[in-house]
Amino acid sequence: MLTPLLALFFGVAALALIASIVLTLHAWEHRRYARGSFREELDEPGCGHVAVIVPCKGVEFSLADNLRRLLVQDYEDYEVHFVVESAADLACSVIRKLIAEKPKVAVQLIVAGRATNCGQKIHNLSVATGRLDETVKTVVFVDSDAAPERDWLTRLVAPLSKCNVNAVTSYRWFVPRRATLTNLILCSINATAMGLVCSRRQAVLWGGSWAISQNAFSQSDVRLSWQGCLSDDLIASQRMDRMRLNVKFEPQCVVTSSVDYDGPAMWEFLRRQCFVGRWYRTRTWLLSLAFTTVSMATFWGGLILALIL
């Protein structure tokens, strides 16, 4: 009776070991790539006039500070578009106060209206990108909960001046506002996801911090592809893949993001991320599910066998 169970257990354990080795090599490659990126000299970006689009909703942690950081970037030629669903959104008062401070860059508050056939964020982005004029050569998207450094914009758009780069993306690094169990679990999961998502080869776009040339944005028909969808970044990634346009991950542009979740909020966040990944990135989601299943089966199977034997 135990012989077939032991054979099954050792087979599953072997698969878990192989997967762990592959992920370890994957992590080592990311480490090597990131270290190399930090040693590179920052070239003067020749990306022309840049439009930074920031979808906003409600008053999040440090919203005013996060948005103010976007207005003091060291890139010389850019404009910022804050986009909300409604003029009654609480974020509007924060944005109007920032505009009243008369920043050095052009700032616009756009009221997109309620979405009818897609996610609200996608609707906001579609409205904002549809209003860009011909002077814009590069489009940058950033979430309102991101806290970028002063050189973030310069470093994000700089790779676009290379002939083989059509889009650039980074990722977020969650910083817990309180050392609670839920916050620490969420930060740990996010750190693991960062290692899986970010790659030197055809990186998956993350909607909270990415840039694309206006030509590539038009060529890939991202705005049209967004219609009827819930995920802005994964749809854009699919379009870039199909058009064989190159996406580069830039480690130096990873942005911090404060989090403070209770149990239900954390569960809702993870459930939403899992649903979107399963729907729009099915193959990656299945591979992650398979690895998690094999790892858990090895752990619990080993524990049960140890108790039996």
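Which residues do ring pairs link into a cluster? They are Phe141, Trp210, Phe217 and Trp226. Keep in mind that this is a predicted model. The structure holds 9 aromatic pairs, and if you want to look at them one by one, a pair of aromatic rings is described by the distance of the centres and the angle of the planes. An aromatic ring also turns up with a charge: the charged end of arginine 31 sits over the ring of tryptophan 28, at 4.8 Å from the ring's centre.

Let's zoom in on one pairing. Strand 1, covering residues 49-55, runs parallel to strand 2, covering residues 78-84, and the two are joined over 6 bridges. To pick out one spot, valine 50 has tyrosine 78 of strand 2 as its bridge partner.

Next, have a look at serine 257, which you'll find in strand 9 (residues 255-259). Is serine 257 buried or exposed? With a relative accessible area of 2%, serine 257 falls under the 20% cut-off, so this residue counts as buried. Leaving out residues up to four places away in sequence, serine 257 touches Asp145, Trp173, Phe174 and Val175.

Why does arginine 242 count as exposed? Because its relative accessibility is 61%, and the cut-off for exposed is over 50%. Arginine 242 and leucine 125 are 117 residues apart along the chain, and their C-alpha atoms are separated by 21 Å.

Finally, follow helix 11, which takes in residues 282-308. Its 27 residues reach 38 Å from the first C-alpha to the last, close to the 39 Å expected at 1.5 Å a residue. Along helix 11, Val294, Thr298, Gly301 and Leu305 are buried.

Key:
Residues numbered from 1 in each chain as written. Predicted model: local features only at pLDDT ≥ 70, side-chain atom pairs only at ≥ 80, totals over all residues. Heavy atoms only, no water. Helix = DSSP H or I, 4+ residues; strand = E, 2+ residues; numbered from the N terminus. Expected span 1.5 Å × (residues − 1). Buried < 20%, exposed > 50% of the residue type's maximum accessible area, 1.4 Å probe, protein only. Pairing = 2+ DSSP bridges. Phe/Tyr/Trp six-rings, centres within 6.5 Å; stacked < 30°, edge-to-face > 60°. Lys NZ or Arg CZ within 6 Å of the ring centre and 35° of its normal. Contact = heavy atoms within 4.5 Å.
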